[in-house]
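Visitor: I would like to learn how to read a structure feature by feature. Please show me the model, and then I will ask.

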Amino acid sequence: MADFLGMMKQAAQLQSKMKEMQDQLEHIEVEGISGGGLISVRMTAKMEVKSVKIDPSLMKADEREILEDLLVTAMGDARRKAEAAMQEKMQALTGGLSLPPGLGLT
């Protein structure tokens, strides 16, 4: 029974640390870029887009498809960086333990 209580206490501590980590992720921002810096997207490590900047040289009607492609690329770059930041925080929290996916971390 003592082992079970100890496990419950550890689970509660882990849950508290995960909540704290989630709060921290809201304040970590990453920047995704594409087109050699012509497009930039800032987002939090919780995948919330904060801003999009587009170089005025791309604001031409006949280059709409290029602009759209660059936006998708910049968003993907920002998402990968946000996921890396979240993974780094998670590893610090769990001490490198490998936890199964789907633990409600988003």
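Visitor: Leaving aside neighbours within four places in sequence, which residues is Thr44 in contact with?

Guide: Contact means heavy atoms within 4.5 Å. By that rule, Thr44 is in contact with Leu25, Glu26, Ile28, Glu29, Lys50 and Ala82, leaving aside its neighbours within four places in sequence. Before we go on, note that this is a predicted model: local features need pLDDT of at least 70, side-chain atom pairs count only at pLDDT 80 or more, and totals for chains, interfaces and linings use all residues. Residues are numbered from 1 along each chain as its sequence is written, and side-chain values use heavy atoms, with hydrogens and water left out.

Visitor: Is Thr44 buried or exposed?

Guide: Buried means under 20% relative accessible area, exposed over 50%, partly exposed in between (1.4 Å probe, protein chains only). Thr44 has a relative accessible area of 2%, so Thr44 is buried. Its place is in strand β2. Of the 106 residues of the protein, 25% count as buried.

Visitor: What is the pattern of the protein along the sequence?

Guide: Helices (H or I, at least four residues) and strands (E, at least two) are DSSP runs, numbered from the N terminus. Here there are two helices and three strands. The pattern reads α-β-β-β-α. Now take contacts between residues at least 6 apart in sequence: 50% of them join residues at least 24 apart.

Visitor: How do I check the span of helix α2?

Guide: The expected span of a helix is 1.5 Å times one less than its number of residues. Helix α2 (residues 64-94) has 31 residues. From its first C-alpha to its last it reaches 45 Å, close to the 45 Å expected. Gly95 follows α2, and its phi is positive, near 70°.

Visitor: Which residues of α2 are buried?

Guide: The buried residues of α2 are Leu67, Leu70, Ala74, Gly76, Asp77, Ala78, Ala82, Ala85, Met86, Met90, Leu93 and Thr94.

Visitor: Which residues make up the largest nonpolar core?

Guide: A nonpolar core is a set of buried Ala, Val, Leu, Ile, Met, Phe, Trp, Tyr and Cys residues joined through side-chain atoms within 4.5 Å. The largest has 10 residues: Val30, Ile39, Val41, Met43, Leu58, Leu67, Leu70, Ala74, Ala78 and Ala82. Both β2 (39-44) and α2 supply at least two residues of this core. α2 gives the most, with five residues. A second, separate core has eight residues, including Met21, Ala85, Met86 and Leu93.

Visitor: What does Ile39 touch?

Guide: Set aside residues up to four places away in sequence. Ile39 then touches Gly32, Ile33, Ser34, Lys53, Ile54, Leu58, Leu67, Leu70, Leu71 and Ala74.

Visitor: How many salt bridges are there?

Guide: Side chains of opposite charge can pair when their charged atoms come close. A salt bridge is a side-chain nitrogen of Lys or Arg within 4 Å of a carboxyl oxygen of Asp or Glu. By this rule the count is seven. One of them joins Lys19 and Asp23, with the closest N and O atoms 2.9 Å apart. The two are four residues apart in helix α1 (residues 2-25), so about one helical turn separates them. Asp23 counts as partly exposed, at 32% relative accessibility.

Visitor: Which parts does the salt bridge of Lys46 and Glu26 tie together?

Guide: In this pair the closest N and O atoms are 3.7 Å apart. Lys46 lies in the loop between β2 and β3 (49-54), and Glu26 in the loop between α1 and β1 (29-34), so the pair ties together parts 20 residues apart in sequence. Lys46 is partly exposed at 31% relative accessibility. Glu26 is partly exposed at 42%.

Visitor: Where do Arg42 and Glu29 lie?

Guide: Their side chains meet in a salt bridge (3.2 Å, N to O). Arg42 lies in strand β2 and Glu29 in strand β1, so the pair ties together parts 13 residues apart in sequence. Arg42 counts as partly exposed at 28% relative accessibility, and Glu29 likewise at 37%.

Visitor: Which residues form the nonpolar patch on the surface?

Guide: Patches are made of residues with over 30% relative accessible area and no salt bridge; nonpolar side chains (Val, Leu, Ile, Met, Phe, Trp, Tyr) are joined within 5 Å, like charges within 9 Å. Val49, Val52, Ile54, Met59 and Met75 form this one, with about 390 Å² of accessible area together. β3 gives the largest share, three residues. Met59 has its place in the loop between β3 and α2, and is exposed, with a relative accessible area of 55%.

Terms used
Accessible areas come from the Shrake-Rupley method with a 1.4 Å probe; for residues, only the protein chains shown count as cover.
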